[in-house]
There are 2 protein chains.
Amino acid sequence: MRELLQVDPGTPLDLAARPADERFGWDREEAEAATVRRAERLAELGTELAADGRRALLAVFQGLDASGKDGAIKRCIGPLNPMMVRTQGFTAPAGEELRHDFLWRIHAALPGRGRIGAFNRSHYEDVLVPRVELGRPASVWEPRIAAITAFERHLVQEGTVVLKFFLHVSREEQAERLRARIEDPHKRWKFDAADLAKRALYDDYLAAYADLLRRTSTPWAPWHVVPADRKWVRNRVVTEVMVETLEALDLRWSDLSPEVLKAARAQE
Amino acid sequence: MRELLQVDPGTPLDLAARPADERFGWDREEAEAATVRRAERLAELGTELAADGRRALLAVFQGLDASGKDGAIKRCIGPLNPMMVRTQGFTAPAGEELRHDFLWRIHAALPGRGRIGAFNRSHYEDVLVPRVELGRPASVWEPRIAAITAFERHLVQEGTVVLKFFLHVSREEQAERLRARIEDPHKRWKFDAADLAKRALYDDYLAAYADLLRRTSTPWAPWHVVPADRKWVRNRVVTEVMVETLEALDLRWSDLSPEVLKAARAQE
């Protein structure tokens, strides 16, 4: 599943041509049952990651408004032991954050070794927003792209696995979900007047994402395009990619040294 | 003064051949008086940096044990308004720090825009200690060198000036200062039994520093080799380099917008 969804840095990426309603031929009920099973496996692997203590996992969730970032974190990170998880959402920088470089608050919020972190939006917003919404020149956001790939490379070198998910939603599905935010009294709190303006930017955002994903999908920190029009497909895919990634790590339950074992047995 | 002391990345650096007792032909009393004058100018520039609000200054102090890092910070950062200064010492990483990549605690401690930060030891220890003291293979510390230059480049791009000082002390002066730590009851608290082992590593440290300074002295974040056998020379040099660096920044007292000015005057 991982390789199927990864963005190839060498090839131009046309997101509009990628079906956001892809279902991989799956039956919904079967897929949902598989997600439950794999989520159990994910929880086990989370414990192994903690026991191993040498690696961390950072899962970055990006996508247009209403693409399901909150839902993906709830469904796919939720099954993990919360003691081993650190989630962080990033809104427009404010206060002390504005006094610092854009990676400062990102770095501070990273999961430590043995932990899993989930970012709802991330340092990628610091390229996208200046480019698409603020109309800032490339001299503002272009150097940030190189800074991001160097930063992620450093994290990976030091033991953090960086997994990046782009939740790909179609214009029609996005419109439907934003409409629901207004009409459903239990979703209304999520609506923001700024959403209206962002809807008009669908094409601009998709083009900026396509360029950014391709240029920041690296061998050490690849992007995955997740078809996100169907929530059950999204959950199945994200859970599976996380399981595959952790299984590939060759995690070990750390051994106690012979001295510690001997001392422990002497106390029995 | 800045250019005189900067390490040229293109040329091998032989620290042993650089006189640690260099005095630039200065008279001590005159130099001390000049340091006092320039420290006043530095304090003014610190206020301008805060008023300007667009840039930060990070001064990194590295050097062998007893090279005078504490003293340099006390004398050369001390004259600044403490509200605008953030100092941080870095000892061996412990606790939560060990769960993170080596740049995590560094990033968190950086000065924000409008502020001056001083680091007593830094991320450079994460290359030096594994290499010289722990005998770790190059695969551990070599990738950190590239990570450091990329990290510093990012900081500079985002508005932080990165000034790096290597306080160069001779073997004889180091031995004398470490002896004083034992014999002077007011200095004894600074003595650590590990100092004895480190003294034996003088040559190894100097060679590792020479390699590291040359490779991490970049156009955006150059290293300065400060002759540090004489404290008054060290203070004169560091103060001067900081003044020259801030003067080159073209700091501006930020303007109030015409609307704000009009509103303020209307209230008078």
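1. Contact here means heavy atoms within 4.5 Å, and on that rule the meeting of chain A and chain B takes 23 residues from chain A and 22 residues from chain B. This is a predicted model, in which local features need pLDDT of at least 70 and side-chain atom pairs count only at pLDDT 80 or more, while totals for chains, interfaces and linings use all residues. Residues are numbered from 1 along each chain as its sequence is written, chains are lettered from A and ligands numbered from 1 in the order in which they are written, and side-chain values use heavy atoms, with hydrogens and water left out.

2. The size of an interface is often given as the accessible area lost when the parts come together. Between them, chain A and chain B bury about 2000 Å², of which 47% is on carbon and sulfur atoms; buried area is the accessible area (1.4 Å probe) that two parts lose on being put together, summed over both. On the chain A side, A:Arg99, A:His107 and A:Arg113 lose the most area to chain B, and together they make up 28% of what that side buries.

3. Which residues form salt bridges between the two chains? A salt bridge is a side-chain nitrogen of Lys or Arg within 4 Å of a carboxyl oxygen of Asp or Glu, and the rule finds two across the interface of chain A and chain B. A:Arg144 pairs with B:Glu158, with the closest N and O atoms 3.2 Å apart, and A:Glu158 meets B:Arg144 at 3.1 Å, N to O. Because A:Arg144 lies in helix α6 (residues 138–157) of chain A and B:Glu158 in the loop between α6 (138–157) and β4 (160–168) of chain B, the former pair joins two chains; helices (H or I, at least four residues) and strands (E, at least two) are DSSP runs, numbered from the N terminus.

4. Are A:Arg144 and B:Glu158 buried or exposed? Buried means under 20% relative accessible area, exposed over 50%, and partly exposed in between (1.4 Å probe, protein chains only). A:Arg144, at 14% relative accessibility, counts as buried, as does B:Glu158 at 12%.

5. Over all chains the count comes to 38 salt bridges. Among them is the pair of A:Arg171 and A:Asp203, whose closest N and O atoms are 2.7 Å apart. This pair links distant parts of the chain, 32 residues apart, with A:Arg171 in helix α7 (residues 171–183) and A:Asp203 in helix α9 (residues 202–216) of chain A. A:Arg171 is partly exposed at 38% relative accessibility, and A:Asp203 is partly exposed at 47%.

6. Two packed helices are described by the angle between their axes and the distance between the axes. Helix α2 (residues 28–52) and helix α10 (residues 231–247) of chain A pack at about 35 degrees with their axes 9 Å apart, where axes are lines fitted to C-alpha atoms, for helices over the stretch in contact, and angles run from 0 to 180 degrees between N-to-C directions. The residues that meet include A:Arg41 and A:Leu45 in α2(A), and A:Trp232 and A:Glu247 in α10(A). A:Arg41, A:Glu44, A:Glu48 and A:Glu247 are also linked in a network of salt bridges.

7. In chain B, B:Ala72 has its place in helix α3 (residues 69–76) and counts as buried, at 0% relative accessibility. Leaving aside residues up to four places away in sequence, B:Ala72 touches B:Phe61, B:Ile77, B:Leu167, B:Arg234 and B:Asn235.
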